[in-house]
Protein chains: 2
Amino acid sequence: MDRLRQHIEEITPLSNEEFDYIKSFFILKKVRKNQFLVHEGDEVKFEFLVLEGIYKVFYLDASGKEHIVQFAKKDWWMTDYIGFFKQKNATMFVECLQEGEVLCLSLEGREKLASEFHTMEHFFRVKLTNGFIALQQRITFLLSSTPQERYEEFSKLYPDLMLQIPKKYVAEYLGVSRETLSRLYSNNK
Amino acid sequence: MDRLRQHIEEITPLSNEEFDYIKSFFILKKVRKNQFLVHEGDEVKFEFLVLEGIYKVFYLDASGKEHIVQFAKKDWWMTDYIGFFKQKNATMFVECLQEGEVLCLSLEGREKLASEFHTMEHFFRVKLTNGFIALQQRITFLLSSTPQERYEEFSKLYPDLMLQIPKKYVAEYLGVSRETLSRLYSNNK
């Protein structure tokens, strides 16, 4: 739980007493490779803070094709956010690509923390602001950049993920074919 | 300013004294058709709450092609959020399509309100959560739906915008050609 404290204190300081109370809302969970934390059709009980491991959030379209919404690694938050915030059944999957550990927080717990502590309301607002900016960037990225530009942007932002995630998933996330991606990888070696 | 109070109180109640202080952070601005509230390259001074009128937020890609990030109407917030939150120069434009009025709020004012009032921190968090969900939906929409599905989703969500926004902008927002959009309009009459 030290990691959680450090993570929150990057944004707002906490007393020992406050942190002891706050951490009681989080459940530690070990996750195996290929395990699903969220499965389409199920209730979305938690948002997850990644402590270790690599994860992907994806959904299947009407034709059964997989689309990756986000990857997640240490210190990132993830879930099927539409299902989580609207308390509807999941339309997405959260799958573990590399084993690790996550902290689980329910929506009820999240709202209680935000309402009891102005500092935690602030923490969640800052995290949402960062998430909002990332989604805006992903949209402009999807609307206009070429495969080459998407590849370069992704390698610049996430050099570690480039090495840890199978190429087929990177291709899917970038919305380019595996052949195009392989060509880009070899051109940039 | 009554509209502002009503807008905030949909999420959190305010005393008269609180509201008198809060409203002092907002500047009322009348906007003419075709006027720019944000222009690429300029400082992004404000986030805007729309009181009246229709607006579009867009950017130009490397080849000069226009891409619409969002439309905005009464009660919606808008700006070049990447520029605003990161306090960098604008990479987008905010243009008025139908004259109206907006309330302008600076990032400094926003942060001050959030830090002084737990209720306002909560208000901004709720607004960001809704914005975050809308962006997630726009991403899944861009990744997987057909022109027909995009058209239907847009008409269902924003029947009023369908009537008020020139077809060429709707086509651009949906990422479909004007010919395809015209066909969809006539099929759905």
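A residue counts as buried under 20% relative accessible area, as exposed over 50%, and as partly exposed in between. The exercises below apply to a predicted model.

**Exercise 1.** Decide whether Asn34(B) is buried, exposed or partly exposed, and state where Asn34(B) is found.

*Solution.* Begin with the relative accessible area of Asn34(B), which is 48%. Next, locate the residue: Asn34(B) is found in the loop between β1 (27-31) and β2 (36-38) of chain B. Finally, look at the backbone, where phi of Asn34(B) is near 70°, a positive value in a residue other than glycine. A positive phi, near 50°, is also found for Gln87(B), which lies in the loop between α3 (81-86) and β6 of chain B.

**Exercise 2.** Work out how the axes of α8(A) and α9(A) are oriented to one another, and which residues make the contact.

*Solution.* The axes of helix α8 (residues 167-174) and helix α9 (residues 178-187) of chain A come within 9 Å and cross at roughly 110°. Since angles of 65 to 115 degrees count as roughly perpendicular, α8(A) is roughly perpendicular to α9(A). From α8(A), the contact is made by Lys167(A), Lys168(A), Val170(A), Ala171(A) and Leu174(A), and from α9(A) by Arg178(A), Leu181(A) and Tyr185(A). Sorted by class, this contact has five nonpolar, no polar and three charged residues.

**Exercise 3.** Determine where on α1(B) the buried residues fall, and what covers them.

*Solution.* In α1(B), the buried residues are Arg3(B), Leu4(B), His7(B) and Ile8(B). Seen down the axis of α1(B), they fall within an arc of 130°, so they line one face of the helix. What covers them includes α2, β3 (46-60), β5 (77-78), β6 (93-106) and α5 (118-144) of chain B. Taking α2(B) from that list, one finds that the axes of α1 (residues 2-9) and α2 (residues 16-23) of chain B come within 11 Å and cross at roughly 115°, which makes α1(B) roughly perpendicular to α2(B). Their crossing is right-handed. Here Leu4(B), Arg5(B) and Ile8(B) of α1(B) meet Asn16(B), Phe19(B), Ile22(B) and Lys23(B) of α2(B), a contact with four nonpolar, one polar and two charged residues.

Key
Residues are numbered from 1 along each chain as its sequence is written. Chains are lettered from A and ligands numbered from 1 in the order in which they are written. This is a predicted model: local features need pLDDT of at least 70, side-chain atom pairs count only at pLDDT 80 or more; totals for chains, interfaces and linings use all residues. Side-chain values use heavy atoms; hydrogens and water are left out. Axes are lines fitted to C-alpha atoms, for helices over the stretch in contact, and angles run from 0 to 180 degrees between N-to-C directions. Helices (H or I, at least four residues) and strands (E, at least two) are DSSP runs, numbered from the N terminus. Angles under 35 degrees count as roughly parallel, over 145 as roughly antiparallel, 65 to 115 as roughly perpendicular and the rest as oblique. Contact means heavy atoms within 4.5 Å. Ala, Val, Leu, Ile, Met, Phe, Trp, Tyr, Cys and Pro count as nonpolar, Asp, Glu, Lys and Arg as charged, and the others, Gly among them, as polar. A crossing is left-handed if the near helix is turned anticlockwise from the far one by less than a right angle, and right-handed if clockwise. Buried means under 20% relative accessible area, exposed over 50%, partly exposed in between (1.4 Å probe, protein chains only). The arc is that of the directions from the helix axis to the C-beta atoms.
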